[in-house]
Each structure stands twice: as structure tokens, then as C-alpha cells.
Amino acid sequence: MGFRAHILGAAAGGGLPQWNCGCENCRLARAGAIPAQSQSSLAVTGNGNDWAVLNASPDIRHQLTECAALHPTGLREVPLTSVLVTNGDIDHVAGLLTLREMQSFTLFATAGIHDVLAQNPIFAALNDKVVTRRTVGLGAPFRLAPGLWAELFPVPGKVPLYLEGETVETDLVGEQTVGVHLTGGGGSAFYIPGCAMLNDDLRARLHAAPLVFFDGTLWHDDEMVRAGLGDKTGKRMGHISMSGPDGSIAGFAGLKVGKKVFVHMNNTNPVLNPSSPERAEAEAAGWIIGQDGMEIAS
Ligand code: MLT
Ligand code: MN
Ligand code: ZN
């Protein structure tokens with residue numbers, strides 16, 4: 001049974017602490033009083049040897065150093081077969097630039113996400129002599145790495161922040177934001193780091209799943225506004241909140257999911273403090289709060 005999922009980074013864009021943030025969590029993390037978390041990424045293997053990285057965060061250099069399973073096995077050999085990105089957000093694609101050292105791997109994404117990357121000439125740094133870009137359609141299973149299969153499905157979301165126009169639809173369903181269903185090595189998991197709402201399609205898909213990694217950006221929809229850190233709500237950012245009647249904790253309550261793990265948590269989210277009442281509430285509802293380096297077998 002070779003399936004393993006390793007959280008490279010459990011935080012949302014900015015990480016914990018975020019360089020310019022003086023919120024309570026960021027101050028506590030800087031002081032070493034709560035664990036720091038790096039930005040959104042998950043490594044997965046189906047056979048225990050060959051790995052895929054899902055989302056390439058700006059912290060990927062440090063994340064790969066910290067994860068022994070992904071260390072080089074030869075002069076220029078790494079057990080990393082492929083990278084898959086689930087949207088074009090900076091926290092999920094900026095790390096591609098770090099992977100540019102003439103290393104061969106396959107870069108998987110939908111046509112919509114590949115288009116976003118192609119519009120940014122800096123990504124040509126991933127030399128096409130060694131990096132193969134593969135376009136994957138929604139609902140079409142493919143081999144992500146030896147012994148590991150994946151299927152992409154649409155998740156309500158929005159275009160990347162840097163492509164937002166005058167008006168922004170925050171619950172677009174298409175190729176811009178996707179979730180991943182992974183199978184192989186006797187295991188299976190869903191990875192959904194960004195999701196604006198839990199619609200009927202998602203509920204049906206996730207019902208009775210053994211393992212789900214899910215968008216845990218905010219606790220309250222208006223938590224960043226309340227903290228005086230900006231005027232954006234979670235809804236405006238395309239992220240469902242954990243709490244409240246429309247939140248993910250309530251939404252998952254009847255889904256009979258085996259292991260539910262929050263990832264992509266913003267530094268303002270109180271669950272990042274292990275002694276907070278919100279952390280206790282999420283855990284009482286059966287959630288695991290993801291953290292850097294956490295590994296789950298299936
Ligand atoms: C998000 O998850 O909403 C984005 O990563 C925000 C960003 O691009 O900073
Ligand atoms: Mn993000
Ligand atoms: Zn902060």
C-alpha cells in the first residue's frame with residue numbers, strides 16, 4: 001500500500017507569519033508560540049517512490065528541503081515526476097520559477113490554467129526541452145505519476161487576483177479552479193485547496209470519501225475585515241468559510257468523509273492557534289487542522 005500524502009504547506013497565500021502582518025497569529029508565530037506554516041502545497045505518491053507535487057508555492061525551495069522523500073537520489077535525479085496546479089493564483093504557481101534548474105518533469109493543468117501561464121512570459125524559464133506541459137480535461141482520468149492516477153473536476157471559484165476585471169464572478173464553475181481526485185497504491189484522496197461554495201455536485205462527489213484535503217482559508221467570512229486587515233470577505237476572494245450555516249464544517253456534517261483535513265489556511269484563521277476555541281470546535285466536528293510536514297497514509 002504505497003499511497004501517502006505529505007502536506008508541504010498548510011497556509012494560504014502569505015503564509016504564517018506573513019512578512020508584513022502584525023495580526024495576533026502572525027505575532028505568535030514569529031515568537032515561536034504557535035507553529036509557522038508555509039504556503040499551499042501537497043506532495044502525493046501512489047507507490048512510495050515517485051511523487052507529484054500539487055501546487056508550486058513560493059515556499060517550495062524550503063518545502064523540498066524539509067521533505068526527505070523528495071530529496072535528490074542522484075547528481076541530478078529527484079523522485080518528483082510531475083507538478084499539477086489547481087488554479088493560476090500566485091501562491092500556487094510562483095514556485096514553478098524555483099523549479100527551473102533544467103530538471104525534467106511534467107506540468108499538468110487544464111487548458112484554462114495553461115493559458116494563464118502562457119500569458120506570463122516569465123514561465124518560459126521552465127525550459128520546454130525538459131518540462132513537458134500536459135493539458136488535462138475535466139473528468140478525464142490520467143496518470144499523474146507511476147502508480148498514481150488523478151482526475152480533475154470543476155470547483156466554484158474565480159480567476160486569479162491579477163486577472164480580475166471591473167466585475168468579478170466569485171463562483172465560476174469551469175477550468176479556472178479545479179479539485180483533484182487521486183487514486184493509487186491502495187489509497188484515494190480529494191484535494192480542494194480553493195472552493196467558493198459546497199454545491200450539490202461537490203457534495204455528491206465527496207460523499208463517503210476516505211480522505212479530503214479542503215479549503216480552510218477563513219473561519220469567519222469577514223474575519224479579515226474585523227481584524228482591520230482589509231475590506232475583502234472570504235466570498236469576495238472565492239473562499240468558503242469554516243464556520244456558519246453556509247460554512248464547510250456545517251456542509252460536511254452529513255457527508256460521511258473518513259478524514260477531513262483543512263489546508264490553505266489564512267494567517268488570520270484562529271484555528272491556526274492550537275489553544276483557540278475555534279480549533280477545538282473544528283476538531284470536535286472531526287476535522288484535522290493541516291500543518292507543514294503532516295503525512296497521511298490514506
Ligand atoms: C487566494 O487564494 O485567494 C489567492 O491565493 C489570493 C492571492 O492571490 O493572493
Ligand atoms: Mn491562495
Ligand atoms: Zn497575520
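This is a predicted model: local features need pLDDT of at least 70, side-chain atom pairs count only at pLDDT 80 or more; totals for chains, interfaces and linings use all residues.
Q: Which residues does the UniProt domain annotation cover?
A: UniProt positions are given in the numbering used here, feature names are shortened, and annotations may be inferred rather than shown by experiment. The record, an unreviewed entry, gives "domain: Metallo-beta-lactamase" for residues 51-265. In the model, this span is 18% helix and 25% strand, and its end C-alpha atoms lie 24 Å apart. Helices (H or I, at least four residues) and strands (E, at least two) are DSSP runs, numbered from the N terminus.

Q: Which residues coordinate the manganese ion?
A: To read a metal site, look for donors: N, O and S atoms within 2.8 Å of the metal (3.2 Å for Na, K and Ca). Water is not among the atoms, so sites may look incomplete. Here Asp-91 (OD) and His-264 (NE2) coordinate the manganese ion (ligand 2), at 2.0 to 2.2 Å. The pair links distant parts of the chain, 173 residues apart: Asp-91 belongs to helix α3 (residues 90-93), and His-264 to the loop between β12 (259-263) and α9 (277-284).

Q: Is His-264 buried or exposed?
A: Buried means under 20% relative accessible area, exposed over 50%, and partly exposed in between (1.4 Å probe, protein chains only). His-264 counts as buried because its relative accessibility is 4%. Asp-91 is buried too. For contrast, look at Lys-256, in the loop between α8 (248-252) and β12: Lys-256 is exposed, with a relative accessible area of 62%. Ala-208, in the loop between α5 (200-206) and β11, is partly exposed at 46%.

Q: Which residues surround ligand 1?
A: A residue is near a molecule or strand if one of its heavy atoms lies within 4 Å of it. Around ligand 1 you will find Asp-89, Asp-91, Met-237, His-239 and His-264. Next, check for polar contacts, which are pairs of N or O atoms within 3.5 Å; within protein, one must be able to donate a hydrogen and the other to accept it, and residues adjacent in sequence count only if both atoms are side-chain atoms. An oxygen atom of ligand 1 is 2.9 Å from an N or O atom in the side chain of Asp-91. A polar side-chain atom of His-264 lies 3.1 Å from an oxygen atom of ligand 1. The protein buries 76% of the 270 Å² that ligand 1 exposes when taken alone. Such areas come from the Shrake-Rupley method with a 1.4 Å probe; for residues, only the protein chains shown count as cover.

Q: In what sense, parallel or antiparallel, do β9 and β10 pair?
A: Strands of a sheet pair through backbone hydrogen bonds, either parallel or antiparallel. Two strands pair if DSSP finds at least two bridges between them. Strand β9 (residues 178-184) and β10 are antiparallel, with five bridges. They form a hairpin with two residues between them, and Gly-185 in the turn has a positive phi of about 60 degrees. β10 also pairs with strand β11 (residues 211-215), in the parallel sense over three bridges. Follow Tyr-191 across: its bridge partner is Val-180 on one strand and Phe-213 in β11.

Q: How many residues of β10 are buried?
A: Six of the six residues of β10 (residues 187-192) are buried. One side carries Gly-187, Ala-189 and Tyr-191, the other Ser-188, Phe-190 and Ile-192.

Q: What is the strand order in the open sheet of seven strands?
A: The order is β6-β5-β4-β3-β2-β1-β14, with mixed pairing. The edge strands, β6 (131-135) and β14 (295-296), each pair on one side only. Strands β4 (residues 80-84) and β5 (residues 105-109) run parallel, joined by three bridges, and Ser-82 has Thr-106 as its bridge partner in β5.

Q: Which residues can I look at for backbone angles?
A: Start with the peptide bond from Leu-16 to Pro-17, which is cis, with omega near 0 degrees. Pro-17 sits in the loop between β1 (4-9) and α1 (24-30). Then look at Lys-256, a residue other than glycine with a positive phi, near 55 degrees. Phi of His-264 is also near 55 degrees.

Notes:
Residues are numbered from 1 along each chain as its sequence is written. Chains are lettered from A and ligands numbered from 1 in the order in which they are written. Side-chain values use heavy atoms; hydrogens and water are left out.
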